[in-house]
Amino acid sequence: MTRLGSVANSVSRGPNGYVLAVLAVGVALLARLGLEAFGKFYYLPLIPAVMLPALLASRGATVLAIILSIAANIALVPREGVVDAAVNAVLFACVGVAIGEFGRIGRTARANARALSARLSTRDATISAMLASAAVVSLDRRSRILSMSEPACALFGVREAEVLGQPFSDFVEFFDSAVDRISGGDEFYWPGRRRDGEVFPVGIHMAPIENPDGPPDTILTLTDLSRWRSAEARNQELRDQLNQVWRLNSLGEIAATLSHELNQPLTAAASYLQATQADLGRAGVFADSASRTVELAKNQVLRAGDIIRRARNLLAGDEHRLDPHRVSSMIDDLEPILQLLGPAVGTQLRIVVEDQADWVLADRIQFQQAIVNLVRNAIEAVADHPRREVAILGQAVSTTGYRISVEDSGPGIAPDQIDRMFKPLMTTKAGGMGLGLSVTRTIVERHGGVLSVQTSDLGGAAFAFNLQRLPEPLP
């Protein structure tokens, strides 16, 4: 069929069709001469001469074959008269024209069939390529699986032979109740479920097919939206981080302003306390107790000013210096503050810090601030529990490390909240600013340690970190 079409396409172009008409008439005349021995055939042997160009060549070539056939017949076959010759010529011409038109219709039909076949082949190849790369599932009226392409099988981690006849809701939750709602062909997101139990977002595009021999089937095109959802979550996280950076920058400016504005009143307060202490000194031994109290107050005012200055440096990222200090000494200095935080609210505060081999490199004020932050959080964690215990533990764990931990008997921390709780400005407390743990972690990291969260022996949370221990105690 294809070869015949190629021949027809070749002879129908240019003068080839006319040459075919001449050759066909010539061959028909020779055949007619060979049939003379059997009788008079007149125009009958010339009909194939018209049919050949009618089937293979153009309309003009067919007309030429008719004219040549009539001329040859008039010249070679004697007639009874002019009328007889004319009538037979006209009849032959009518038959030839009819044959030519039928031939032209046949050629057009064959050309259309070839074009349609080419389009169908292209469409079949396109569909095959799409099916080879797309996750496609066909369902019956009851949403049972009729077929599943290889990408769809890979999407759910199954094989087609295993899932045929199963409800599609086994793989996409709530699908049965949603078929009517998505029958319009719109795309929705559904929770898909892989063989290992993993749940992932899947997009479904639905196309119903009317089947005259049975119930309507449905074709589903599936899209794994896991990466899209991950990208959306990552974008949201980046937006949150940018917002936090902006808020931290603003907080840094506020800290710098507060440091500048509070420095003068704190300095004045320390001066007044110094003057008060001098006045009490002139009062003699009767004012010794009051003088010691004033000395403690003055030290705390000076410490507050140092804390504000160092907090500003911490937020600004300024350089800091670590000096040799004893852990036991730094925590002993905090005892008055810790007694106000713990026992004053009914919490049992226990301090167990080894004073042997406890020389470390630290920034004294920042270390004390980190301990206060952790103890305050621990006390707040046990505030609503009948058992209120907080412990500060310290011990040398190696020749180069000294471990500090603050533990409580509270409810502990959920694993999915651990990463979130260290983010700046993230808090679960009604009046919290979300800076305590973030600042504490920054302080620990500036000391070369890592702030970790574990389960405490008391039943709650244990925040721990290591400081660089000096190998030899200093005098």
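Biologist: How many aromatic pairs does a search of the whole structure find?

Modeller: This is a predicted model, where local features need pLDDT of at least 70, side-chain atom pairs count only at pLDDT 80 or more, and totals for chains, interfaces and linings use all residues. Residues are numbered from 1 along each chain as its sequence is written, and side-chain values use heavy atoms, with hydrogens and water left out. Rings of Phe, Tyr and Trp (its six-membered ring) pair if their centres lie within 6.5 Å; planes under 30 degrees apart count as stacked, over 60 as edge-to-face and the rest as tilted. Over the whole structure, the number of aromatic pairs found is four.

Biologist: Which kind of aromatic pair do Phe-156 and Phe-168 form?

Modeller: The centres of Phe-156 and Phe-168 are 6.3 Å apart. Their planes stand at 90 degrees, and the pair is edge-to-face.

Biologist: Why is the pair of Phe-156 and Phe-200 called tilted?

Modeller: The ring centres of Phe-156 and Phe-200 are 6.0 Å apart. The pair is tilted because the angle between the planes is 55 degrees.

Biologist: How many residues apart in sequence are the parts that Phe-156 and Phe-200 tie together?

Modeller: Helices (H or I, at least four residues) and strands (E, at least two) are DSSP runs, numbered from the N terminus. Phe-156 lies in helix H6 and Phe-200 in strand S4 (residues 199-209), so the separation in sequence is 44 residues.

Biologist: Is Phe-200 buried or exposed?

Modeller: Buried means under 20% relative accessible area, exposed over 50%, partly exposed in between (1.4 Å probe, protein chains only). Phe-200 has a relative accessible area of 2%, so Phe-200 is buried.
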